[in-house]
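This report describes a sheet, some charged contacts and a group of rings. Please look at the sequence and the model first.

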Amino acid sequence: RTRLDMGEIVRSAFEQLTTPAERERVELRVGALSPADGDAALVRHVVTNLLSNALKFSSGRERPVIEVGSRDEGGRAVYFVKDNGAGFDMKYVDKLFGVFQRLHSPAEFPGVGVGLAIVQRIVTRHGGTVSATGRVGEGAEFTFSL
């Protein structure tokens, strides 16, 4: 475990995931981010997966907006990645973190359904929690603590 600059992790992951043309189209809003303690490679994997999903599921928007920030909840930093994309029906929220569980068809959004399961395992390994909220057609917000 090391002290992590979450802002740097978010910015470098976004840079890695997008082309210059995509960065022109997507509005990334990075708020204040509390530093974290954790395994740098694993936490980067969490952030990369959540940003990748936000990019994928908001790709159909004329102007995708992705917000990343943190807030204090009971003395613990809680990080969030929020998008204005496809969203999901909350009645299926329990399926999100299962292996090979998908809420959208592969034709609509590519992927195999393991990314969020990996995110949950990494966050749990760090002693944290992960959760999601969403509304169909309005976007989703994923939160995690370490």
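Glutamate 27 is partly exposed, with a relative accessible area of 25%. Buried stands for under 20% relative accessible area, exposed for over 50%, and partly exposed for the range in between (1.4 Å probe, protein chains only). The model is predicted: local features need pLDDT of at least 70, side-chain atom pairs count only at pLDDT 80 or more, and totals for chains, interfaces and linings use all residues. Residues are numbered from 1 along each chain as its sequence is written, and side-chain values use heavy atoms, with hydrogens and water left out.

Glutamate 27 forms a salt bridge with arginine 29, and their closest N and O atoms are 2.7 Å apart. A salt bridge here is a side-chain nitrogen of Lys or Arg within 4 Å of a carboxyl oxygen of Asp or Glu. Arginine 29 is partly exposed, at 39% relative accessibility.

How many salt bridges does the structure hold? There are 7 salt bridges, and the table lists some of them.

| Salt bridge | N to O distance |
|---|---|
| Arginine 23 and glutamate 15 | 3.5 Å |
| Arginine 29 and glutamate 27 | 2.7 Å |
| Arginine 71 and glutamate 73 | 3.0 Å |

Arginine 23 has a relative accessible area of 25% and is partly exposed. In the bridge between glutamate 73 and arginine 71, glutamate 73 is partly exposed with 42% relative accessible area, and arginine 71 is partly exposed with 31%. Salt bridges that share partners also join Glu27, Arg29 and Glu67 into one network.

## The sheet

Strands of a sheet pair through backbone hydrogen bonds, in a parallel or an antiparallel way. In this model, 5 strands form an open sheet with mixed pairing, in the order E2-E4-E5-E7-E6. Strands (E, at least two residues) and helices (H or I, at least four) are DSSP runs numbered from the N terminus, and two strands pair if DSSP finds at least two bridges between them.

Why is one side of strand E2 and of strand E6 left without a neighbour in the sheet? Strand E2 (27-30) and strand E6 (130-135) stand at the edges and each has a single partner strand, so one side of each has no neighbour there. Strand E2 and strand E4 (residues 65-73) run parallel and are joined by 4 bridges. Glutamate 27 has valine 65 in E4 as its bridge partner.

## The rings

A search of the whole structure finds 3 aromatic pairs. Rings of Phe, Tyr and Trp (its six-membered ring) pair if their centres lie within 6.5 Å; planes under 30 degrees apart count as stacked, over 60 as edge-to-face and the rest as tilted.

One of the pairs is phenylalanine 88 with phenylalanine 142, which is tilted, at 6.4 Å centre to centre and 40° between the planes. Phenylalanine 88 lies in the loop between strand E5 (76-83) and helix H4 (115-125), and phenylalanine 142 lies in strand E7 (residues 139-145), so this pair ties together parts that are 54 residues apart in sequence. Phenylalanine 88 is buried at 6% relative accessible area, and phenylalanine 142 is buried at 9%.

The rings of phenylalanine 97 and phenylalanine 142 have centres 6.3 Å apart and planes at 80°, so this pair is edge-to-face. Phenylalanine 97 lies in the loop between E5 and H4, so its pairing with phenylalanine 142 in strand E7 ties together parts that are 45 residues apart in sequence. Phenylalanine 97 is buried, as is phenylalanine 142. Ring pairs link Phe88, Phe97 and Phe142 into a cluster.
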